[in-house]
Amino acid sequence: MSDFAALIYTSIAVGVGYTLFGVDHYLPIVALSRTNQWSNTKTFWVVVACGVGHVASSLALGLAGIGLSAG
């Protein structure tokens, strides 16, 4: 297995574990969904939007840190 493939598989494993064991990541959405009686489709798209926003903001912060440390 190449180093890149190992990095990808490790990243996926950490991401899945981070989500499953980080109750604070999904419990608020479950609570909102049940309280507001959202459909499964709406809940899915809210989860997707939150996930994309979370990853994008983490990536932006990481890139900013790299940029500031490179100078």
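How many nonpolar, polar and charged residues are in the lining of the largest pocket? The lining has 8 nonpolar, 7 polar and no charged residues; Ala, Val, Leu, Ile, Met, Phe, Trp, Tyr, Cys and Pro count as nonpolar, Asp, Glu, Lys and Arg as charged, and the others, Gly among them, as polar.

The model is predicted: local features need pLDDT of at least 70 and side-chain atom pairs pLDDT 80 or more, while totals for chains, interfaces and linings use all residues. Residues are numbered from 1 along each chain as its sequence is written, and side-chain values use heavy atoms, without hydrogens and water.

Select Tyr18, Thr19, His25, Gly51 and His54 to begin; among the 15 lining residues of the largest pocket, these lie nearest its centre. A pocket is an open set of points on a 1 Å grid over the protein atoms alone where a 1.4 Å probe fits, with protein on both sides within 12 Å along at least five of seven lines; lining residues have an atom within 4 Å of a point. Two or more lining residues come from each of α1 (3-21), α2 and α3 (40-70), and α3 gives the most, with 8 residues. Helices are DSSP runs (H or I, at least four residues), numbered from the N terminus.

Next, select residues 23-35, which form helix α2. This helix of 13 residues reaches 18 Å from its first C-alpha to its last.

Finally, select Gln37, in the loop between α2 and α3. Its phi is near 55°, a positive value in a residue other than glycine. Gln37 counts as exposed because its relative accessibility is 71%, exposed being over 50% (1.4 Å probe, protein chains only).

Notes:
Expected span 1.5 Å × (residues − 1). Buried < 20%, exposed > 50% of the residue type's maximum accessible area, 1.4 Å probe, protein only.
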